[in-house]
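Please read it alongside the sequence and the coordinates.

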Amino acid sequence: MEKVVVLDSGGQYCHLIARKIRELGVYAEIRPVGTKASRLAAYRGVVISGGPASVFEPGSPQPDPALFRLPIPILGICYGQQLMAQHLGGKVEPGHTREFGEASITVKSRRSIFAGLAERERVWMSHGDYVSQMPPGFRLMATTRDCVVAAMGDESRRFYAVQFHPEVAHTVHGQKILSNFLFGVGGCKPEWRPADRVAQVEAAIRRQVRDRQARERKVLFFLSGGVDSTVAFTLAVRALGPDRVHAIYVNTGFMRQGETKEISEVFEHLGLGSLEVVDERKRFFAALRGVTDPETKRKIIGRLFVDVQDHILARRRYSTKEWMLGQGTIYPDTIESGGTQHAEVIKTHHNRVDRIRQLIAEKRVLEPLSQFYKDEVRRLGHALGLPDSVLRRHPFPGPGLAIRCLCAEKKLYPEPDEGIATLAAQAGYQAFLLPLHSVGVQGDMRTYGKLTVLHGAEIHHEVLAELTTRITNSFPHTNRVAVALWPCEIDLAQWHIRRATLTPQRIHLLQEVDHIVTRFLHEQFLYDLIWQCPVVLLPLSRNGGETVALRPISSVDGMTAEVVHIPVPQLAQLAHELAQVDGIDGVLFDISNKPPSTIEWE
Ligand code: XMP
């Protein structure tokens, strides 16, 4: 099978590049940027990813210089372009400001990787340093106002480099650029189809369950009922037979309303055997009592999953020699936690806490889907005959509602912000800041920023989209923007953030509002138009209650996401329903894309 390699310079977009390439029908693999050139000779093309480092930093990720003597086409992206300039005799200079966000490029050469493009193209930039002088042999292929060398190429050697990110959706013709590189420049054929991989994945499972002494181990899956773990489990059952694969579902207390029952029923219906349900709600709540920091919450939950698993293994005398742990981990789960060699940790994924990493190092974890992306997992599931009702389910994070229930250590007040308020006023809105931090991702780094709340005017999606981008680009202390649906106008004097921790009562309230939202999305035929819709509870209070925030997004794989513009009358109807719930004081609509805001708030 023809393969392309993406050399990982640590960018969180590294796997996104690989996925975009696979979407075009060519298998892409990730390797560390420093991989020896001799091991890259068999690939049909090389892409060098972007990354958070600067080529000027000592110890910054570097490729093997012999890479540039291989007769294969190379595409450098962002930091990858700077590496190419540095290695091939050009010049890179540190930027004084970071260019971040959408930009317009002027295409100078509309051939090779830019064949079929217009003279002006919208792209996504995210960089500090820039190429100030091209290496010998390179020609300028595109420019922007702020960044002189937006793209360059040496057609005789088939070396190309772009300063912007063709892999993100904001680069309107990014996929065309990648396709030009693969098929036009590299001569690849579109032959990769995930659904054809079932037999190989099953063979890999049979191989991996054999230990060093060639003894066949059994696999214990802790299932969440989501698409990934269901597909992974089904593959394992097919590969090993039902007697060697066991499924346990841990009720952490952070599941959605009615979910535990629903998942058990789905299992029975699928003929996958009966799902054993273990109730660990008390233990999870006890471990999280009083914890308010988001990353600490994630780490505790991740560790607890392993403790519970260990406990179950020990109680049943499942010997670690005979059993291994099965997980539905997919590719992106491993990246945003810093799973690739140089990547910054954005969030600690529950499948990648230290204990699990240790088990992985000991080869005691089976992750049949760790090389697949979400859309590919759905296609695999389809090939396995799993029903649409399972495959269409919105993704739900392992730590569940615990990371959608925001906590606060002490009482806090909304903060006026003159700069943001002035910008918002130009678009007809009022604005203030909430000192409630949520996670964002900007320029490959994790950010903790305050929330901007807009209010006082009707929802105009287009106006709000533009305003949000301007706010998050101009004011780095905020990384997320939400607009008030109810009440439409907020009297700051009446509102405060109250001290709040994770309690069964708060989770119960979140389950109730989450259930209303999910039902509404189904009833209004919106469910399938939305990739995921986190419903978040904030301790923002007027009458002693809470505020609920809605985050419907569209995405392909969760790496980038865009807000879904639910029609205003439907939004109003949903807000009205939520406003009837006892204990709900306000309803917000999160209008931030990813980047700069991650999908989950924590
Ligand atoms: P973020 O919030 O990083 O989320 O933009 C990207 C996607 O990953 C999901 N997510 C998780 N899934 N365990 C999971 O199984 C986790 O710890 C976790 N954290 C985030 C999130 O729901 C979104 O689909």
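Helix α6 is followed by Gly-271, whose phi is positive, near 70°. The model is predicted, so local features need pLDDT of at least 70 and side-chain atom pairs count only at pLDDT 80 or more, while totals for chains, interfaces and linings use all residues. Residues are numbered from 1 along each chain as its sequence is written, and side-chain values use heavy atoms, with hydrogens and water left out.

**Helix α6**

Helices (H or I, at least four residues) and strands (E, at least two) are DSSP runs, numbered from the N terminus. The expected span of a helix is 1.5 Å times one less than its number of residues. For the 12 residues of α6 (residues 259–270) this gives 16 Å, which agrees with the 16 Å between its end C-alpha atoms.

Glu-259, Thr-260, Ile-263, Ser-264 and Phe-267 of α6 are buried (under 20% relative accessible area, with exposed over 50% and partly exposed in between; 1.4 Å probe, protein chains only). These residues cover an arc of only 135° around the axis, which puts them on the same side of α6; the arc is that of the directions from the helix axis to the C-beta atoms. An α-helix has 3.6 residues a turn, so residues three or four places apart point the same way. On the other side of α6, Lys-261, Glu-268 and His-269 are exposed. The buried residues pack against α5 (227–240), β13 (245–251) and β14 (276–279), contact being heavy atoms within 4.5 Å.

**Salt bridges**

A salt bridge is a side-chain nitrogen of Lys or Arg within 4 Å of a carboxyl oxygen of Asp or Glu. By this rule the count comes to 35. Three pairs are listed below.

| Pair | Closest N and O atoms |
|---|---|
| Glu-202 and Arg-238 | 2.6 Å |
| Arg-404 and Glu-600 | 2.8 Å |
| Asp-590 and Arg-551 | 3.4 Å |

Glu-202 lies in helix α4 (residues 198–208) and Arg-238 in helix α5, so their pair ties together parts that are 36 residues apart in sequence. Glu-202 is buried at 9% relative accessible area, whereas Arg-238 is partly exposed at 46%.

Arg-404, in the loop between α12 (388–391) and α13 (418–426), and Glu-600, in the segment after β26 (584–590), are 196 residues apart. Both Arg-404 and Glu-600 are buried.

Asp-590 belongs to strand β26 and Arg-551 to the loop between β23 (546–550) and β24 (553–554), so this pair joins parts 39 residues apart in sequence. Asp-590 is buried, with a relative accessible area of 0%, and Arg-551 is buried, also with 0%.

Salt bridges that share partners join Arg-19, Glu-23, Asp-375 and Arg-379 into one network.
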